[in-house]
Amino acid sequence: MSTTTLIKSGTLITASETFTADILVQGEKIAAIGQELDVQDAEIIDASGKLIMPGGIDPHVHLALPMFDTISSDDHYTGHKAAAFGGTTTALDFVVQEPQGFAHSVDIWRRKAEIAAIDYGFHMNLTHFDEQVGREIPSLVEMGITTLKVFTAYNGRLRLPDGDIFQAMRIAKDHGMLTMLHAENGDVIDVLVEETLAAGHTTPEWHARTRPAWGAVEAALRGFALAAETGAPLYLVHMNVAGEVDMLHYARQRGIKVMGETCSQYLFFTEDHLRRADGAKWICSPPMRTEADNARLWDGIADGTIQVMGTDHCPFFFDGTKPILYEEEEIAIPGKELGAQDFTKIPNGLPGIQDRMPILWTEGVVKGRITPNQFVAMMSTNPAKIFGLYPRKGALLPGSDADIVIWDPERVVDYGVAMSHQRTDYSLYEGWELKGYPEKVYLRGELIIDGEEWLGAPGKGMYLHRTPNAEIL
Ligand code: URP
Ligand code: ZN
Ligand code: ZN
């Protein structure tokens with residue numbers, strides 16, 4: 001059913017401008033933006049006093065990802081629903097590369113995503129490379145996947161040797177694809193983990209202590225050197241340490257085509273959180289660092305060195321032996337307790353897909369660290385551009401998908417697990433007071449969030465076939 005909605009008198013915030021206007025939505029698209037628009041038979045939404053932004057794009061999530069002896073606890077329905085409550089209408093997650101080839105691997109993920117509730121696309125994890133794989137990489141573009149993620153850590157599981165990364169980047173460049181880099185030093189991590197376990201250290205803080213910051217810094221620079229040598233663009237994921245910001249700044253100043261993403265958790269938490277009794281809640285890779293790193297990441301956001309804010313949403317229960325109620329049903333999924341006796345067995349990953357926009361609005365915009373326009377750039381417009389979705393997504397423009405967030409800048413919430421639709425038993429932001437929260441969220445013209453009410457449904461999310469040769473910001 002095609003609907004017409006006229007959102008009147010809101011303050012539009014784009015990546016570059018702030019102005020008051022009406023937005024006419026017809027069917028799935030924004031039809032017009034202007035002053036005092038008047039249309040017969042439209043549903044009128046009075047947005048005076050409210051902010052209007054393009055729906056958020058979270059470019060880094062892991063839904064239903066098998067890890068160790070469990071699986072990340074949000075699937076493509078629950079994770080998408082949580083995303084929408086936080087103002088995000090598009091999420092990109094990572095396909096696991098299977099030995100049977102890319103088509104088979106993508107098919108597995110397409111089937112997982114049949115329950116999608118917001119629009120979605122995929123990146124391909126490249127964890128095995130040979131001549132045959134190299135020949136197959138261009139087929140990903142035909143499947144709408146224009147990005148490869150490579151790893152310099154997780155030896156024996158996900159890591160590729162530098163020479164393979166180098167070759168894959170050359171192929172990616174020839175086909176207008178973007179390589180994404182997980183930067184840590186896998187060899188050093190393996191040595192430290194072995195020594196640490198032999199010394200009898202088993203608690204969560206040792207997760208951080210065996211994944212040193214300098215390993216992330218040198219691996220990031222290694223990646224940028226490969227970008228310089230191949231001429232291929234590179235996107236550094238989940239930036240977590242000051243030295244990565246320095247390296248990114250250094251490389252960008254030299255005209256190397258490199259970009260960076262950080263994730264909310266790296267702006268607020270430190271290794272100290274892993275020393276708490278519930279420290280496993282903060283275990284993800286790369287780990288939390290120091291307050292100085294938090295501060296340098298904020299600077300990198302404010303000065304434009306970092307282009308994107310993702311989440312690396314990959315939730316697990318803190319105590320997966322105790323069920324929670326989700327949509328009135330009890331559910332428990334094995335989680336962090338799997339590593340109670342050994343930090344290397346704690347599933348790596350954190351919740352954050354719902355938290356990203358509300359947390360960053362309060363901590364970034366309300367506290368004066370970034371402007372509202374920078375917020376929209378990082379949350380929506382830049383990821384749309386970098387990942388081949390712009391201007392269909394990430395924009396308030398006639399012809400764009402009507403993915404629209406009506407944001408109440410005055411709403412104060414006591415945030416935490418009681419407000420969370422992420423399918424896990426904890427929130428990293430328990431008890432934080434937030435000012436500003438999504439009031440209504442539209443996905444391609446359809447209202448899916450109305451205050452605290454969920455109007456979306458599994459299967460409503462659309463697969464996004466992304467275009468190659470996207471912008472390098
Ligand atoms: O701990 C994390 N981040 N889990 C997801 C995998 C990754 O490296 O992004
Ligand atoms: Zn990673
Ligand atoms: Zn990740």
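Visitor: How far is the zinc ion (ligand 3) from the zinc ion (ligand 2)?
Guide: A quick note: this is a predicted model, where local features need pLDDT of at least 70, side-chain atom pairs need 80 or more, and totals for chains, interfaces and linings use all residues. Residues count from 1 along each chain as written, chains run from A and ligands from 1 in written order, and side-chain values use heavy atoms, leaving out hydrogens and water. As for the two zinc ions, ligand 3 and ligand 2, the separation is 3.8 Å.

Visitor: Which residues are the protein donors of the zinc ion (ligand 3)?
Guide: Donors are N, O and S atoms within 2.8 Å of the metal (3.2 Å for Na, K and Ca), and with no water among the atoms a site may look incomplete. The protein donors here lie 2.0 to 2.1 Å from the zinc ion (ligand 3). Their spacing in sequence is H-x1-H-x249-D. They are His60 (NE2), His62 (NE2) and Asp312 (OD).

Visitor: Is His62 buried or exposed?
Guide: Buried means under 20% relative accessible area, exposed over 50%, and partly exposed in between (1.4 Å probe, protein chains only). His62 has 9% relative accessibility. Asp312, at 8%, counts as buried. So His62, at its 9%, is buried.
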